[in-house]
There are 2 protein chains.
Amino acid sequence: MAHPELDPDVLDARLAAAKEASRRLATATTAEKDAALAHVSRLLRERTDEIVAANLRDLDAGRASGLADGLLDRLTLDERRIAALADAVLEVVALDDPVGQTVSGRTLPSGVRIDQLRVPLGVVGAIYEARPNVTVDIASLALKSGNAVVLRGGTAAEQTNDVLRAVLRAAFEAAGLPGDAVQTVDDYGRAGARHLMQARDYVDVLIPRGSAALIRAVVDEAKVPVIETGAGVVHMFLDESAREDWAVELVHNAKVQRPSVCNALETLLVHRAAAERLLPAVLDRLEASGVTVHGDERVRAIRPDIAPVTDEDFATEHMSLDLSVGIVDSLDDALAHIRRFSTKHTESIVTNDLSNAERFLNEVDSAAVMVNASTRFTDGGEFGFGAEVGISTQKLHARGPMGLPELTSTKWIVRGAGHVRA
Amino acid sequence: MAHPELDPDVLDARLAAAKEASRRLATATTAEKDAALAHVSRLLRERTDEIVAANLRDLDAGRASGLADGLLDRLTLDERRIAALADAVLEVVALDDPVGQTVSGRTLPSGVRIDQLRVPLGVVGAIYEARPNVTVDIASLALKSGNAVVLRGGTAAEQTNDVLRAVLRAAFEAAGLPGDAVQTVDDYGRAGARHLMQARDYVDVLIPRGSAALIRAVVDEAKVPVIETGAGVVHMFLDESAREDWAVELVHNAKVQRPSVCNALETLLVHRAAAERLLPAVLDRLEASGVTVHGDERVRAIRPDIAPVTDEDFATEHMSLDLSVGIVDSLDDALAHIRRFSTKHTESIVTNDLSNAERFLNEVDSAAVMVNASTRFTDGGEFGFGAEVGISTQKLHARGPMGLPELTSTKWIVRGAGHVRA
């Protein structure tokens, strides 16, 4: 779809409207926000036919432009998926409202009272591609945490997102909240996305969701602060003392249970002294599940029929049933490999050696570091957050699975009775 | 001082050395870090003559290049100030080490144990100007929280900072910690600063300290995440019901007690219905302390002898005994003025009206919002943090006075016994 030339005034007016709406949302009660979410859920069901029709137009255009099957699948919103989306919105109603929670507080020696309260961030910019479910998902989580959103959902999903945005705005307004809390820049294509990324006066945070390339592009171009999410070149290290049954099941679960997600295993490292003992069973179990193993020279000495692995493989989040496997001489070598290739998402060691476990936990610099557990546990749902905004792979503001509190900031409330500083 | 042409390889080698050193600091014990800080304090005293001599050279160069008196004062490190700096380092020893603190933790239904622990950020880039005390201050706070630092202390203080950096490195090494944890980019001037701001592979966060112009420049140029600190166009609003004695003392304290700091008052807004009752006493008290008042038309109708105020005044952090004063028709008008001109640092309302107090606290979007208290209370020391890294005026990661915990991130530690995800 061709996009008109960017009109910065038009976009600024939308961003200003989002900012204005965010002020109303900041003082909206939990009851108001929950009522709006219930409306969203109901309207998604009522307008399912309209959403599906728009989605079919996007899918036709996607096929015509040669989108890959995986992308077409992610782009698809059929009746069943819309019903699931409507259910997911109701789950957000059940989450605790973080706004107004007291983070800390005390009475100063002078008698001045200070309280640190959670407040919304304000306006959240979401940048993603060909995933129309994210439109509803992020707008619902943002609303519950009192934030307005500006959406960049990508050209491939533009018609679907137009309808979803209309549904969201109508539902907000039916609940007495401003529809302007949901805005888009998609009608200006990439130029609109760039405008959003520069709009420090209006937008408080950008959350890119998608491929490593998308996230890198946002980080490179953005002036608005970014929370990096998701890219996961995830490692597991089988130490010399790893139990064979655990090694087999942990590697299999981490790789196979859901290979297309960010906490799935991409690289298996095996201690030299354990390779002959562990690798045959580990690889048999993987290959029985259709995993394509790419191995280094020493792996291929044990199992000559597998493909060679390259440094590019080690640096890639395949999100498929491909697994890179290498043999290392020591824990130190495993740590060095992880330092070189990890995206700082999740790494796990399988070991019975206490010192090595503690060293791994202390020295690996990732959002989640595990011992004898599947990397698939790095997940907001598994961690008990109820919903997940994304998994932050950066160190500022949020690290690891992000729940609703990560969509808030804090504010100090100071109450005196004519108190001056001495 | 002229700077050689930037050699990116030389700088990258230093940044890589800082990163490597940060790995050692991340696992340093509190005892090791405190011993290094004690060495820093002792060496500052022992090498006072050398520091003073370097500082005199910077001061001579500053005078020759026409630096303003205020800047020359900030640049000065005499024996007394060095002793105070050495004392301040010992105060950091007394602070709690945030590293390793458990932020949250639970056992998941499956039996997997998850713990969220505080970990250092890694490498902190500090960007400031003509304040050599900040060199010691930020390096000490960074060390206590397990971080390496890369310093951009500005050309005006370059010779002083060279000696201070040598002191810091020697003290770290005397305690068995890597001197490489303290690096500089100052020898390449502005090009070095730009290199630092782009170095996402090595630097985890940038903290600019100084003028609004400096902070804006860093935000505009940086690819590394920034924590904005300090700029304070701080407002106080005297509501219709404000007590006269509180109004007089709160305005005076906020403006006069220390006018050169970021939490000092810059703009006073007065409710129309209270102006004739309150302004004469408020202004008398200010003028008796040498404050230069700039007033709008309605203020000058009450006090014709004062200077007129401009929008530029309202937008300026004077950091001097200048105060902008305006009369507004309502709380809403005060809130609108604050939205337009505030830097989101601190705002205070003086009122006895409960509804207005609550509206002000809820609706003003600043790091600290106060009722009947002096804006001077927004301070890490006053808040009980023991030391202050700066005052964040942004919403991500940290907001308001930053203590040592704000120089940390978190990491999820996950412990299983062969647990796979179902």
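## Exercises on a predicted two-chain model

About 30 Å³ of space lies in the second largest cavity. The model is predicted.

**Exercise 1.** Find which residues line the second largest cavity, and sort them by class.

*Solution.* Start with the lining. Thr135(A), Leu151(A), Asn161(A), Arg165(A), Thr184(A) and Asp186(A) surround this space. Next, sort them. One residue is nonpolar, three are polar and two are charged.

**Exercise 2.** State how much space the largest cavity holds and what lines it.

*Solution.* The structure has two cavities of 30 Å³ or more. The largest holds about 320 Å³. Its lining counts 21 residues, and those closest to the centre are Val224(A), Pro225(A), Val226(A), Pro225(B) and Val226(B). By class, the lining splits into twelve nonpolar, three polar and six charged residues.

**Exercise 3.** Work out what kind of axis relates chain B to chain A.

*Solution.* Superpose the chains. Now look for the C-alpha of chain B nearest the axis: it belongs to His397(B), 1.8 Å away. Finally, compare contact residues.

**Exercise 4.** Decide whether Cys262(A) and Cys262(B) are buried or exposed.

*Solution.* The cut-off for buried is under 20% relative accessible area. Cys262(A) has 17% relative accessibility, so Cys262(A) is buried. Cys262(B) has 18%, so Cys262(B) is buried too.

Key: Residues numbered from 1 in each chain as written. Chains lettered and ligands numbered in written order. Predicted model: local features only at pLDDT ≥ 70, side-chain atom pairs only at ≥ 80, totals over all residues. Heavy atoms only, no water. Buried < 20%, exposed > 50% of the residue type's maximum accessible area, 1.4 Å probe, protein only. Least-squares fit on C-alpha atoms with pLDDT ≥ 70 in both. 1 Å grid on protein atoms, 1.4 Å probe; cavity = no way out; pocket = protein on both sides within 12 Å on 5 of 7 lines; lining within 4 Å. Points joined across faces, edges and corners; volume = space filled by probe spheres on them. Nonpolar A, V, L, I, M, F, W, Y, C, P; charged D, E, K, R; others polar.
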